[in-house]
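Here is a short note for a colleague who is new to this entry. Please read it with the structure open.

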Amino acid sequence: MKAPAVDYIRPRSLTEAVDLLAHASVEARVIAGGQSLVAMMNLRVASPGLLIDIARLPELLTVTNYSDAVTLGACVTHAAIEDGRVADPSHGLMPRVASTLAYRAIRTRGTIGGSLALSDPAAEWPAVLAALDAEVVLYGSSGRRSLKCTEFTTGIFQTRLAQNEIIESARVPKLSADAGCGYVKLCRKSGEFASALAVVVTDPRRGYCRVVSGAANGAPLVLADTSRLVAEGPCDPGALRGTISGDLDRASDRHFDDFERNLHTVAAMRAVKQVLV
Amino acid sequence: MPNDQYGIGASLLRKEDARHLHGRGQFVADIKLPGTMDVGFVRSPHAHARIRSISVPPEARGRVFTGSDLPRIKPIRITSQSSGAKAPAWPPLATDKARYVGEAIAVCVAPSRGEAEDLANSVAVEFEVLDAVVDAPRDMRGSRHLIHEQWGDNLYIERVVEGGDIEAAARAAEVTVTRQFRMQRQSGAPLEGRAVLACRDHRLDEVVVYSSTQTPHTLRVALGEFLDIEARRIRVVAPDVGGGFGPKARLYPEEIILAALALELDHPVRWVEDRGEHLLTAAHTRDHHYKVTAYADRQGRILGVDSEIVVDAGAYGLWPQGPYQEAAMAARNLPGPYTIANYRARHYTVATNKAPLGPYRGVGRPGACFAIERIVDEVAWAVGRDPVVVRAENMVRSEEMPFTTVGGMRLDNGDYPQSVRLCAELLDLPGVRARQQKGEPDGRLIGVGFAAFAEQTAHGAAEFVARGAAIIPGFESCTARILPDGSVVLMVGIQSHGQGLETTLSQITAHELGIDPARISVRHGDTESTAFGFGTFASRSMVMSGGAVARASRLLRDKLCRIGAHLLQCDPAQVRCGEGAVLGPQGSVSIAEIARVAHLRMDGLPPGVDPLLDATATYEPAIGTGVFSYATHGAVVAVDPETGFIQLLDFAVAEDCGTMVNPMIVEGQIRGGVVQGIGTALYEEIPYDESGQPLAGTLADYLMPGAAELPAIKIGHLHTPAAATEYGMKGMGEGGAVAPPAAIANAVRDALAALGAPVGAEVNETPITPRRVLAAIRTARETAAKA
Amino acid sequence: MTGIHLHINGAAIVDDVPPRLSLADFVRERRNLTGTHLGCEHGVCGACTVLVDGEPGRSCLVLAVACDGRSVETIEGFAGDPVLAALRRTFHQHHALQCGYCTPAMLITARDLILRKRAGSEREIRDGLAGNICRCTGYTNIVTAIAEAAQEIGKEAANAQ
């Protein structure tokens with residue numbers, strides 16, 4: 001199908017973009033890489049009245065390397081992360097994840113901010129950033145605010161992004177030199193959306209350990225008991241499996257059938273194994 | 001000898017490549033005609049509904065057309081010659097009832113496709129939704145709902161194929177194996193979808209229809225019939241076609257509608273379907289249900305096979321042949337390349353509220369191969385012997401040929417057991433077994449599986465008549481023309497859409513006339529400039545069109561030799577064609593010179609010889625029952641027993657298609673077919689829900705194999721030339737797609753044999769998805785626990 | 001309608017386009033560059049792949065208006081490009097195309113793999129082709145052709161140094 005009619009404007013600053021968003025008389029959406037939004041428009045499941053093009057805003061392309069974190073501008077592309085062209089706070093986890101995301105021709109335009117804003121349940125960044133304890137920085141007409149990624153995505157395509165807000169950046173804490181990461185993406189065809197994702201980040205020096213399930217029929221799911229168990233070090237596989245299952249079953253905001261529960265359990269087991277071996 | 005470089009057997013590089021490598025191919029959507037308007041359709045969102053009213057907003061009048069606005073369009077009708085076959089009249093634009101999701105109800109015309117879709121969205125259709133028929137085996141007698149009320153049931157046709165005495169075989173059996181098999185519905189999904197561009201040519205008083213079709217001449221016949229226009233006033237052009245594979249070898253309502261619009265509006269109109277439309281309404285394919293019982297002795301010698309085959313054929317039959325061939329072909333091919341003497345196949349072609357079913361690479365054979373090759377393996381498991389050995393023992397041996405199988409296939413020649421051995425060699429079977437024994441460090445299970453088949457190709461008129469076909473594609477044609485400067489044009493009725501026939505057909509003329517293929521043009525796809533032919537499908541083009549090219553070329557050769565001999569002042573018996581000339585005992589004269597004489601200097605012609613160098617010939621093979629290429633496919637898989645995910649580690653084909661005109665192109669066809677077969681085996685499926693809604697609308701749901709999922713496809717060749725065709729060629733284009741589902745399913749069976757032993761886990765349904773694998777493992781474990 | 005200025009295959013282009021027009025439809029319908037093909041329009045099949053500012057992109061998912069100020073290359077460009085020339089040779093020699101519909105995009109993707117040094121092994125090439133569907137060839141010959149072109153280009157680069 002062809003996209004429905006739409007208006008288009010490219011503001012020259014973030015403030016101007018937010019202003020346009022606030023005062024639009026039609027349904028206005030920001031567009032960055034457009035890799036999800038234009039596909040949705042081509043399928044006529046999205047029909048915004050106005051597109052506000054933020055892809056080239058310098059404020060959203062800035063990458064800052066702090067001593068304890070890296071902030072990645074919302075419009076940093078997956079390819080830039082994959083190629084290591086931007087500072088990496090995650091000791092290779094984020095470039096590795098980026099390389100499994102869709103296809104290169106999508107990655108050259110799709111952005112990390114776009115992925116967070118959409119929060120497709122099967123998307124990689126919401127789960128990975130939740131595992132890294134990242135924050136998303138939002139900019140709106142009333143100024144700037146930060147939210148933990150784990151609080152930002154609330155459900156399937158649902159976030160705490162307000163109507164007149166734009167994601168400005170993701171702030172990712174830097175991992176210690178001896179931190180460990182595990183990442184498992186289960187899918188049948190290279191580049192497709194995951195059937196199950198599991199991300200494990202363990203940073204003992206910071207007393208941090210988190211296991212997250214993605215593509216999990218809702219917002220990324222922090223496996224709390226599993227995270228505590230993995231923090232203690234190598235564990236009995238049976239105990240690990242049981243703890244993972246327990247975490248999955250306790251997620252009251254979603255339902256898994258037997259196949260899905262098994263797949264997420266296996267993914268999490270294997271991601272943990274990458275870290276604890 | 002020049003012929004080694006570019007004649008029969010040369011892997012001549014393709015002439016087609018030049019334009020495509022530079023993006024200068026010309027597909028329908030690339031053709032620009034001034035004043036063209038784009039078209040979009042209003043399509044039914046319901047699988048089964050009465051149409052109560054269609055409301056077109058006032059501002060859209062004159063740009064939206066319903067069936068009643070285009071009265072020149074007659075309903076599509078199929079005239080099957082099979083008694084008892086039912087054929088519903090199919091109005092291209094539905095007026096009373098919609099019978100599948102996506103059925104066209106109105107057509108909208110606008111300056112761009114996007115605007116045409118906007119128009120379509122503004123049209124309001126009032127429906128009375130009816131229950132949908134979606135379960136072919138359950139609903140074929142119509143106990144719930146009738147799709148075509150006047151039928152009394154939901155059966156297009158039912159038949160029995162039988163031979164020998166199946167009851168006797170059942171009594172004599174020492175081993176009986178019964179299974180159900182299922183091949184899910186899918187799409188042919190060529191990368192270029194369907195497209196039609198139609199306009200009036202006032203100078204020639206014609207309607208010109210460009211269509212991405214495999215069958216331009218028969219499309220012209222259809223347009224004439226359903227628009228009531230003489231054929232001389234219709235021109236059909238199939239330009240470059242981006243893949244066909246069968247779905248583009250059938251008439252579509254959209255083709256008739258676009259032609260009618262061009263006549264009505266007198267400006268060019270264009271329809272370029274999008275992927276969603278294709279998955280929704282282009283021919284659906286496969287969708288077979290099998291119940292099979294094999295009776296065998298304790299060595300695994302199969303005494304008889306009894307089966308029921310149900311094909312879910314959708315709401316209408318596709319012109320010209322309708323849906324009848326699919327189940328019949330499955331029934332006739334289910335005995336496979338085996339000497340099974342006792343057989344029964346009851347087959348049913350069922351109407352459902354789904355998009356119409358059409359042919360797709362292999363047609364009924366991938367399903368039949370899946371069923372028989374799985375059953376052969378299960379017989380082997382039941383008797384405790386190696387499936388490779390049991391398979392070969394049941395095969396027809398070359399000294400028994402010609403051998404007519406109990407399904408009615410007259411197998412001509414070949415060494416089937418040798419193909420099994422060669423395939424095992426290509427996969428290094430002992431090495432795979434050793435790896436299996438050793439076990440994988442990651443816990444995955446290795447399995448290897450084989451599947452064999454014989455592919456009937458280049459069958460003639462008698463065969464099609466026996467099938468009750470509406471039209472009989474039993475010949476092909478060629479007009480071969482040498483132009484005044486000696487360059488050559490071959491005008492053929494087939495339609496090359498990736499098979500390289502612009503190259504291979506010129507190789508045949510090069511062989512006959514000794515002319516460099518670089519001086520030969522092959523014209524196909526345009527009814528204006530080619531002799532009547534049936535198009536490209538059914539693995540027929542190389543044999544049938546090649547045969548016609550050979551005959552026409554020989555007619556030219558004879559005339560060239562007569563004129564050449566006259567110019568050389570010797571006897572015609574003393575000359576021959578070669579090296580671009582006619583060669584005599586004391587000299588030669590170039591074909592260019594002969595051509596000049598034949599056109600511009602007729603004073604040089606011998607008495608009794610007319611000017612021009614123009615010959616038209618038709619060809620039908622000497623044997624009407626076809627020539628059979630054959631192959632054994634082998635797959636090595638790694639199955640993850642925790643997740644059900646499958647990785648294809650290796651795939652090999654050991655095949656025999658007789659004389660190969662261009663081995664490079666033959667191998668390309670094999671590999672392409674194999675990957676489509678892998679798609680059927682592991683990925684492709686259009687599921688339907690209870691209300692008849694198809695659940696795969698984009699390529700995010702409809703998965704097609706990509707390079708990352710696949711190994712390199714290995715190929716080995718045997719060479720048994722056909723006795724009954726030119727040069728000993730056999731057709732082979734479809735074979736690659738026939739066996740992969742069976743080979744892969746057998747490999748999975750092999751991999752999972754240890755789980756739930758002694759029963760073992762089987763997946764008897766395609767695509768073999770992780771869910772189905774895990775379900776099979778669970779079932780096998782539960783069965784073993786109970787035992 | 002929105003005014004845009006961009007470069008296509010090195011030529012400066014000025015036009016007025018409806019914002020909903022994709023880059024693919026812009027080059028095909030307004031610039032008569034029909035070598036870029038459409039196979040799905042939702043970003044999966046890859047037939048529409050072009051270069052935008054030197055990087056491969058899905059022209060079906062890029063709006064023409066978003067290309068204002070950018071540089072686009074389609075298969076009709078690449079004049080004198082040695083990597084594409086090598087690929088055209090090896091694709092032809094190894095029968096890496098049949099119907100030709102996926103070919104322009106396949107060439108552009110392959111060129112990018114070679115330039116980013118991601119065509120060093122069969123595994124790498126296959127992974128790099130994940131976003132380009134071919135329905136005709138079964139991919140074997142495409143992989144062979146790309147591997148050979150990559151080696152050729154690699155040797156030339158080594159010789160040049």
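How many residues of chain B are in contact with how many residues of chain C? The count is in point 2.

1. Ground rules. This is a predicted model, in which local features need pLDDT of at least 70, side-chain atom pairs count only at pLDDT 80 or more, and totals for chains, interfaces and linings use all residues. Residues are numbered from 1 along each chain as its sequence is written, while chains are lettered from A and ligands numbered from 1 in the order in which they are written.

2. Chain B against chain C. Here 43 residues of chain B meet 39 residues of chain C. Two residues are in contact if their C-beta atoms, placed from the backbone, lie within 7 Å. On the chain B side, helix 2 (17–21) and helix 18 (663–683) are the elements that give two or more residues. Helix 18 of chain B supplies the largest share, 7 residues. Helices (H or I, at least four residues) and strands (E, at least two) are DSSP runs, numbered from the N terminus. By class, this side of chain B has 19 nonpolar, 13 polar and 11 charged residues. Ala, Val, Leu, Ile, Met, Phe, Trp, Tyr, Cys and Pro count as nonpolar, Asp, Glu, Lys and Arg as charged, and the others, Gly among them, as polar.

3. Chain C overall. Chain C has 5 helices and 5 strands. Their order from the N terminus is β-β-α-β-β-β-α-α-α-α. Buried residues make up 66% of its 161 residues. A residue is buried if 20 or more other C-beta atoms lie within 10 Å of its own, exposed if 12 or fewer, and partly exposed in between; C-beta atoms are placed from the backbone.

4. Domains of chain C. The assignment, from an automatic or database source, gives domain 1 (2–73) and domain 2 (82–160). Their C-alpha centres lie 23 Å apart. The contact takes 11 residues from domain 1 of chain C and 10 residues from domain 2 of chain C. Strand 3 (residues 49–52) of chain C gives the most to the domain 1 side, with 3 residues. That side has 6 nonpolar, 5 polar and no charged residues.

5. Chain A. Chain A has 11 helices and 14 strands. Its radius of gyration is 19 Å, close to the 19 Å that the globule rule gives for 277 residues, so chain A is as compact as a globular protein of that length. The radius is taken over C-alpha atoms, and the rule is 2.2 Å times the number of residues to the power 0.38. Along its principal axes the C-alpha trace of chain A spans about 60 × 40 × 35 Å. Buried residues make up 53% of chain A.

6. The largest nonpolar core. This core has 420 residues, and A:Val199, B:Ala198, B:Leu258, B:Val748 and C:Ile146 touch the most other members. Helix 16 (residues 541–568) of chain B gives the largest share, 13 residues. A nonpolar core is a set of buried Ala, Val, Leu, Ile, Met, Phe, Trp, Tyr and Cys residues joined through C-beta atoms within 7 Å. Beyond four places in sequence, the contacts of A:Val199 include A:Ala127, A:Tyr183 and A:Ala271.

7. Helix 6 of chain B. The buried residues of helix 6 include B:Pro216, B:Leu219 and B:Phe226. Its buried residues pack against strand 10 (206–211), strand 11 (234–237) and helix 7 (253–265) of chain B. B:Asp228 follows helix 6, with a positive phi near 55°.
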